[in-house]
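Colleague: I would like to learn how to read a model of this kind feature by feature, with the general idea put before the particular case. Could we take it slowly?

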Amino acid sequence: MAEKIRPPRLRISRRIKKNKVFKVKVKFDHPSFTGLAIADDTSDPVFNRAIPVTFIRNMLVYYGDELVSRLRLSSGIADEPLFTFKLKAIKEAPIKVVFIDNFGKRWEASKKIKFKG
Amino acid sequence: MKNIDLEFKAENFSRRKFINYAMAAGIAIPALSAIPGLNSAHGGVFQRPKDLENLTELERIHLPKISLPPVVEDGAQASIVCSVDHPMDEDHYIKSIQIMNFQDPVVIKGKFFFTPANGEAYLSTQIRLSGGDGEVWVVAECNKHGKWAANKKVTVAAGGC
C-alpha cells in the first residue's frame, strides 16, 4: 500500500525511430482504496463503505500539444500502478502524462522524444 | 393545429390495450436484436466470435487479447495486458479498451481511450480482484465495427477488494 504519494515517473526507450511504435511506461505511487469492507460474509459477502474511497480518476496523455490518449479509472485499479501503452513516433515533441485523482489533485510527468537513426 | 397523437388520453389506455402493447413489444424486441445488422451497430451489444478455433479475419482483428495468469496470489496487484491486433488508421481504429470483472464490488476497472496516434491498441496495468473464481472481461470498441468482448477465467487466492 502506498504510504506517500510520489510524483509520476515516465520511462521511454532511448532508441526511437521515426514512424515506429514505441512503449511508454508510467509509474505512479498513489494509493488506491475501494473503501469497502465485508459487512456480512455469512452467505454472499455484503460490502459497506468503511473508509473514504481514494483512487486515480483520470490519466491524460499529451504528445506535443495534442491529447492522444486518456484513461478513465476506478478504485478497481491497484495501488502504485504501472501503466504501459504505445505511441507512434511521428514527431520530436514532449510527451506529457497528467494524473488527476478523485479529490481533483493533479500531477504530471513529461519527457521529450528524440529520434535515433 | 391539432395533433392526433396529442389527443391520446390516459383514460383511453385500457388494461386490454396495455397487455396488447406489452405482448407486441415482447415479440418485437428479441426479433429486432436477432438481426445481425442491428447487432453490429454502435449499441451496447458486445460481439463474440462464433467459433474460437476458426476465427474470421474480421473477428481476428477485433477480438481483444488478454494476458492474465490463471491463478493470482495477491488480488490487490493482478497484472493484466490487453491488446488488439487492429490497424490504427485515421478512419479505422480501436477507440477504447475497457476492463471489467462482474464478480467484484467494483466492476469496471478502467477504460482506456485510444486515437490513431497510439499506433497500436495496447495497455498493461495492475488491477484489484476479489477472492475466489472470477472472469475478467475486456471490451474493445472499433470506430466502425462496434464492441468486441473477450474473457479470461481467473482464480484469486487472496482477494484485493
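**Reading the core, the sheet and the confidence**

Modeller: The largest nonpolar core has 50 residues, and those with the most contacts inside it are A:Met59, B:Ile94, B:Ile97, B:Val138 and B:Ala140. A nonpolar core here is a set of buried Ala, Val, Leu, Ile, Met, Phe, Trp, Tyr and Cys residues joined through C-beta atoms within 7 Å. Its largest share, 6 residues, comes from strand β8 (residues 132-142) of chain B. This is a predicted model, in which local features need pLDDT of at least 70 and side-chain atom pairs count only at pLDDT 80 or more, while totals for chains, interfaces and linings use all residues. Residues are numbered from 1 along each chain as its sequence is written, and chains are lettered from A and ligands numbered from 1 in the order in which they are written.

Colleague: Is A:Met59 buried or exposed, and which residues does A:Met59 touch?

Modeller: The general idea is a count: a residue is buried if 20 or more other C-beta atoms lie within 10 Å of its own, exposed if 12 or fewer, and partly exposed in between, with the C-beta atoms placed from the backbone. A:Met59 has 24 such atoms within 10 Å and is therefore buried. Contact is a separate test, which two residues pass if their C-beta atoms, again placed from the backbone, lie within 7 Å. Leaving aside residues up to four places away in sequence, A:Met59 touches A:Arg70, A:Leu71, A:Leu73, A:Phe83, A:Val97 and A:Phe99.

Colleague: In which strand does A:Met59 lie, and what stands opposite A:Met59?

Modeller: Helices (H or I, at least four residues) and strands (E, at least two) are DSSP runs numbered from the N terminus, and two strands pair if DSSP finds at least two bridges between them. A:Met59 lies in strand β5 of chain A, which spans residues 56-63 and is joined by 6 bridges to β6(A), the two running antiparallel. Opposite A:Met59 stands A:Leu71 in β6(A); the C-alpha atoms of this pair, 12 residues apart along the chain, are separated by 4.9 Å. The hairpin of β5(A) and β6(A) has 2 residues between the strands, and in this hairpin A:Gly64 takes a positive phi near 70°.

Colleague: How should I read strand pairing that crosses from chain A to chain B?

Modeller: Strands of a sheet pair through backbone hydrogen bonds, either parallel or antiparallel. Here 4 bridges join β6(A) to strand β6 (residues 108-113) of chain B in antiparallel fashion, with A:Arg70 opposite B:Phe113. A further 2 bridges join β7(A) to strand β7 (residues 121-127) of chain B, also antiparallel, and A:Phe85 has B:Leu123 as its bridge partner. An open sheet of 6 strands has the order β1(A)-β2(A)-β7(A)-β7(B)-β4(B)-β2(B), with antiparallel pairing. At its edges stand β1 (9-12) of chain A and β2 (65-67) of chain B, each with a single partner strand, so one side of each is left without a neighbour in the sheet.

Colleague: How many residues does each chain give to the contact?

Modeller: Chain A gives 26 residues and chain B gives 25. On the side of chain A that touches chain B, the elements giving two or more residues are β6 (66-73) and β7 (82-88) of chain A.

Colleague: Where in chain B is confidence lowest, and where is it highest?

Modeller: The quantity to read is pLDDT, the predictor's confidence in each residue, from 0 to 100. For chain B the mean is 81, and 73% of its residues reach 70 or more. Confidence is lowest in helix α2 (residues 36-39) of chain B, at a mean of 45, and highest in β7(B), at 96. For the complex, the predictor gives an ipTM of 0.86 and a pTM of 0.78.
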